There are 2 protein chains.
Amino acid sequence: MTTSLDAPATGGAHAQPPVPTSPSGPAPDVTEAVLDVARRAKVAARALAVATRGVKDAALHALADALVAEADAVVTANVEDLARGRASGLSDGLLDRLALDPARISAIAGALREVAALPDPVGEVVRGSTLPNGLRMRQVRVPMGVVGMIYEARPNVTVDAVGLTLKSGNAVVLRGGSAAASSNAVIVDVLRRALVAQGLPADLVQTVDVFGRPGGVALMHARGLVDVLVPRGGADLIRTVVREATVPVIETGVGNVHVYVDATADPAVALPILLNAKTQRVGVCNAAETLLVHRDAAESFLPSALTALDQAGVTVHGDDVTAALAPADVTVVPATDEDWATEYLSLDLAVRVVDDLDAALDHIRTWSSGHTEAIVTRDLASSERFVAEVDSAAVMVNASTRFTDGGQLGLGAEIGISTQKLHARGPMGLGELTTTKWVVHGDGHVRP
Amino acid sequence: MTTSLDAPATGGAHAQPPVPTSPSGPAPDVTEAVLDVARRAKVAARALAVATRGVKDAALHALADALVAEADAVVTANVEDLARGRASGLSDGLLDRLALDPARISAIAGALREVAALPDPVGEVVRGSTLPNGLRMRQVRVPMGVVGMIYEARPNVTVDAVGLTLKSGNAVVLRGGSAAASSNAVIVDVLRRALVAQGLPADLVQTVDVFGRPGGVALMHARGLVDVLVPRGGADLIRTVVREATVPVIETGVGNVHVYVDATADPAVALPILLNAKTQRVGVCNAAETLLVHRDAAESFLPSALTALDQAGVTVHGDDVTAALAPADVTVVPATDEDWATEYLSLDLAVRVVDDLDAALDHIRTWSSGHTEAIVTRDLASSERFVAEVDSAAVMVNASTRFTDGGQLGLGAEIGISTQKLHARGPMGLGELTTTKWVVHGDGHVRP
């Protein structure tokens, strides 16, 4: 935690009060301060829970307007983050993800307007009927209440999280990456003031960044106040949150993703899917990390595929059969179990030739993180077995793994991709930020 | 943990191997043994995940038949439990809940047949469409995998849990109350043999009772193997599991349930609902624990209500206004904050007169456990506000709180009543024991 975090970069009438924190480690006053943040979020959430879609959408547009209007202040704060990042040796890639300019801020504001255009999940009747005894029963979608978000560097996640939680009727408590602390402080301040101008409570959007790491830990333990905590970031962050949190958590994002090329696959279909899955965007959770090839397809598919991967700048980590089939000018690094286990998030790909579909399913069962797997095949029975037996959030048949994405699957924006089975699995949109309530109307009904 | 638990009371070819445990505290070998149980459950679950409804329903009937056929062995083991219970001073009420006879075993078997008659949630398409780019997307209900159950005394819960988890395509790992250990060991053994006779893996049903308390703790930490853990029992048990578990947990059951009698309530509707909610069955989570009365209804409603409660054997813990309105022959114990907070689970009721609907909502917000609240009213606006603003799993309008029940609400049997907001809220039936999988079919689709 850097000293600059102890005082937000700007502070209007609706800025959260700056709170001194202990120089290292959690302290009782940090815990109490974070619980107080969560309590205020809970109170604020009550106002939003009964707000109409009209009120919420107007607020989202107002937040977007405010971000654009105050882009200069955001950029100024961002310059501080970038300077600190350069001084601490952040890579060019990370600096690029951190950087904001008016065009990027405009795009971020545009995402808020897109969320405003999405249907409101609140009030949806999930099921309902009149029971034989005449009771009218319905199960209605309602907001969660208070959503916690713990995430890493990119400041656009701050705005995305606010948009999705507000639209679904929730208050949000944010703990962003320290690298983006100055940008996030200004963004949160801008959004809070815009909420108040709309007649909504500022405390719908709060950050615990000023409390540093201990603040994040306190958030993980705010039982009864935080209804769900969503970590978004690398494997380490997610593991820490899952292990440490006593509030309900949705595990997101780690994707050790497989593409399986079956015996009957059409190479003209398989190769574009493979290249798209591996190279269209590396460093994302739905990018492919391992290619499995049926041995009957290996000779016809692998040599040209390895050449294409090589030309795309991909380093192949292959088993013996793969190495033997590689053209002379393509280097294959010998693969170990560690390669099967690794989510590279880079231009690397593990490649293994398998005896049959069963061996492919077995490999996936052993090594997959349960995010997304794809089969390329012309055989109906193989595709049906793959769909039935792969135990992952998403299964693709003759399509790129990159389609596991809320926007691509028509959910609108997404708050993350769940790799757990409880509550939400796969891309999480607005509906996944709600829960349900049973509402029962009777006429003096008693239970016999 | 009693010594008799170290060796199951019976042991056929498909009995789980008896494993010696350390006399006190968790030990690495217990952890490893429980992880091994969970691993075997995961393998067994794979077979069931692709089983048809026909196979599962036939198995459920076979389990029911086996329980009836081997009722004598179950009763013999139950006699051991009862003797141990009497020796350790269990109350008559607990001994009654523990006791099994052929009639009760027949009823328990009947519950399995009822689960067989319920629709199969697996395979249900939750949503699906063809996307603008031609991708065919559907979200399909699939089994969770491995369900853990940690519960208290009643052996019927063992069978209910097995029925619901099998029907929903899951394997179950049980940790029952030590008071019912002998009964549970025989029941599990009977069910395992019946599964094998149906060509299904015995390891779909396993217990970690032989490992005692450390086995339960190991189950709570079996990350990656146990997909969801459902504790069922008293508040202490649930609190312990929620705090201790690192696997996903669904919190169940604690019900500090309120009945609010509004200014316009018809006493002829309010009194039967109140008596039903409080006295139809005490000791259950959907029974009323606090009565709130609008002050405009207090004079007309409370005197006769207090007399009726008194005649029903209910001890009233009331505020000053309530005490002042009580008939001379009805004793009102002065209520403290502890009364507002308590889930009595007995013939006790806290009673408070409130100034208006806002005060009632405020009381509920402060003290409710979020299970069920009821309003009795003739005023539409009051009912609408109560439904919108009470943040509980179930809200009743002019109906008894006792209707918060899977069977009563048409879900069929229930595995528990969730008081959390994640995944399941309120009664949990078969659907709540499943998750979903995204299945996407393309024709070589890649992401642009």
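## A guided look at a predicted two-chain model

In chain A the secondary structure amounts to 15 helices and 16 strands, where helices (H or I, at least four residues) and strands (E, at least two) are DSSP runs numbered from the N terminus. This is a predicted model, in which local features need pLDDT of at least 70 and side-chain atom pairs count only at pLDDT 80 or more, while totals for chains, interfaces and linings use all residues. Residues are numbered from 1 along each chain as its sequence is written, chains are lettered from A and ligands numbered from 1 in the order in which they are written, and side-chain values use heavy atoms, with hydrogens and water left out.

Along its principal axes, the C-alpha trace of chain A spans about 70 × 70 × 40 Å. For 448 residues a compact globule would have a radius of gyration near 22 Å, and the 24 Å of chain A agrees with this; the radius is taken over C-alpha atoms, and the globule rule is 2.2 Å times the number of residues to the power 0.38. Chain A is divided into domain 1 (3-244) and domain 2 (257-408), with bounds that come from an automatic or database domain assignment, and the centres of these two domains, taken over C-alpha atoms, are separated by 37 Å.

The UniProt record, an unreviewed entry, lists residues 36-313 of chain A as "domain: Aldehyde dehydrogenase"; its positions are given in the numbering used here, feature names are shortened, and annotations may be inferred rather than shown by experiment. This span is 54% helix and 16% strand, and its end C-alpha atoms lie 51 Å apart.

Chain A holds an open sheet of four strands in the order β5-β4-β3-β6, with parallel pairing, two strands being paired if DSSP finds at least two bridges between them. Its edge strands are β5 (205-207) and β6 (228-232) of chain A, each of which pairs on one side only, and neighbouring strands are turned by 20° against each other on average, direction ignored. Strand β4 (residues 171-175) of chain A pairs with β5(A) in the parallel sense over three bridges, and in β5(A) the bridge partner of Val173(A) is Gln206(A).

Two helices can be followed across this sheet. Helix α1 (residues 28-49) of chain A lies across β3 (146-151), β4 and β5 of chain A and runs at about 150° to β4(A), whereas helix α7 (residues 181-197) of chain A lies across β3, β4 and β5 of chain A at about 155° to β5(A). Here contact means heavy atoms within 4.5 Å, and axes are lines fitted to C-alpha atoms, for helices over the stretch in contact, with angles running from 0 to 180 degrees between N-to-C directions.

The loop between β14 (416-418) and β15 (426-428) of chain A contains His423(A), which has a positive phi of about 75° although it is not a glycine.

A rotation of 180° with 0.0 Å of shift along its axis superposes chain B on chain A (RMSD 0.0 Å), by least squares on the C-alpha atoms of residues with pLDDT of at least 70 in both. The two copies are thus related as by a two-fold rotation axis, and in chain B the C-alpha nearest the axis is that of His423(B), 1.8 Å from it. Of the interface residues of chain B, 100% are also interface residues in chain A, so the copies meet through the same surface.
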